Amino acid sequence: MTVCDVLIVGAGAAGMTAACAIWEKNPALKVILADRADSPGGILLQCIHRGFGTGYFREELTGPEYAKRLAKRLRDTKVSLRMNTEVVQISADRSACVTGPDGWEEIRFQCLVLATGCRERAPGSLGIWGTRPAGVFCAGQLQKMINLGNYDPGEEAVILGSGDIGLILARGLLLCGKAVKRIVEIQPQSPAMVRNRIQCLEKYHIPLQVNATVTELHGTGRLRGVTVHDYKTGTDEYITCDMLVIAAGLIPDRALLNHVEWDEKPQWLYLCGNCEYIHPIVDSISLQAEQKSLEILQCIESSNLLLAEKFFRENGAD
């Protein structure tokens with residue numbers, strides 16, 4: 001069994017920033033940062049476009065460059081970084097069961113920080129009719145396949161959702177020589193940041209259809225087209241494509257807490273980054289993690305004072 005002051009789950013922007021900030025403010029604390037991936041960085045590693053860091057590092061960076069800055073800061077601390085390590089269970093008695101290169105282990109902690117990020121809204125949750133052929137991807141999944149795996153996913157894409165990741169991925173597909181037949185958005189306008197609407201939609205003349213959605217998939221072994229329903233006109237249109245990319249939003253990943261029984265969230269549990277709520281940019285995640293670190297340090301200090309008072313009271317000391 002291992003004992004630590006703070007256990008942080010997830011070595012993305014939130015987890016790395018929180019770990020660094022906590023240790024830098026109190027180097028006497030034992031901080032463990034665990035992640036199931038091979039290297040720290042989280043989703044930043046697949047985001048090879050620029051636009052990160054202006055709010056936190058005061059410099060425009062790519063996702064991997066942002067992650068590299070945080071990883072370098074982390075190496076300058078004595079935070080125990082455990083990669084290829086998955087936290088499989090959290091208990092209300094302030095313990096966690098983890099599995100990694102050395103097998104199963106129990107870790108006891110004073111404070112727990114969940115920085116597990118978010119999950120993509122999957123095609124099955126959208127009520128799209130049809131079969132489930134190859135060629136249907138979530139946006140983040142496809143981005144990882146292209147940027148990190150060098151996979152060739154197809155030739156013609158329809159993208160459902162015109163948020164930031166949808167527009168950035170559309171631009172990325174065009175730069176890879178693929179055709180983006182259309183971006184379909186159920187809202188009356190794109191919810192993406194203005195800079196992405198300019199740099200992706202306008203600059204590359206990508207067609208955007210608002211007040212519409214994909215209602216049916218066509219194809220058996222491989223996707224061959226989709227039906228798009230226009231809510232303004234009430235009409236359906238068939239569009240040929242061999243890729244449908246779902247960019248329909250993100251959901252905080254709190255699966256580790258699903259089976260923990262407590263009446264209310266304990267004071268020692270902290271949610272950080274996209275695990276708490278979806279942030280528009282990664283810079284705000286790091287800034288939030290810095291603020292959370294102050295709250296965690298106050299919690300540990302208060303806990304230590306209570307333990308000291310209990311010790312003195314039980315031993316008859318003043």
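Author: Buried means under 20% relative accessible area, whereas exposed means over 50%. Please keep in mind that this is a predicted model.

Reader: Which residues of helix 5 are buried, and which are exposed on the other side?

Author: In helix 5, which spans residues 194-204, the buried residues are Asn196, Cys200 and Leu201. Viewed down the helix axis, the buried residues of helix 5 fall within an arc of 80°, so they line one face. On the other side of helix 5, Val194, Glu202 and Lys203 are exposed.

Reader: What covers the buried residues of helix 5?

Author: The cover includes helix 4 (164-175), strand 12 (179-184) and strand 13 (208-209). After helix 5 comes histidine 205, with a positive phi near 55°.

Reader: How many aromatic pairs does the structure hold, and how should I read their geometry?

Author: The structure holds 5 aromatic pairs. For tyrosine 56 and tyrosine 66, the ring centres are 6.4 Å apart and the planes lie at 35°, so this pair is tilted. Both tyrosine 56 and tyrosine 66 are buried. The rings of phenylalanine 109 and tryptophan 268 have centres 5.5 Å apart and planes at 55°, so this pair is tilted. Phenylalanine 109 lies in strand 8 and tryptophan 268 in the loop between strand 18 and strand 19, 159 residues apart.

Reader: Which residues do ring pairs link into a cluster?

Author: Ring pairs join Tyr56, Phe57 and Tyr66, and the charged end of arginine 69 sits over the ring of phenylalanine 57, 5.5 Å from its centre.

How values were computed
Residues numbered from 1 in each chain as written. Predicted model: local features only at pLDDT ≥ 70, side-chain atom pairs only at ≥ 80, totals over all residues. Heavy atoms only, no water. Buried < 20%, exposed > 50% of the residue type's maximum accessible area, 1.4 Å probe, protein only. Helix = DSSP H or I, 4+ residues; strand = E, 2+ residues; numbered from the N terminus. Arc of directions from axis to C-beta. Contact = heavy atoms within 4.5 Å. Phe/Tyr/Trp six-rings, centres within 6.5 Å; stacked < 30°, edge-to-face > 60°. Lys NZ or Arg CZ within 6 Å of the ring centre and 35° of its normal.
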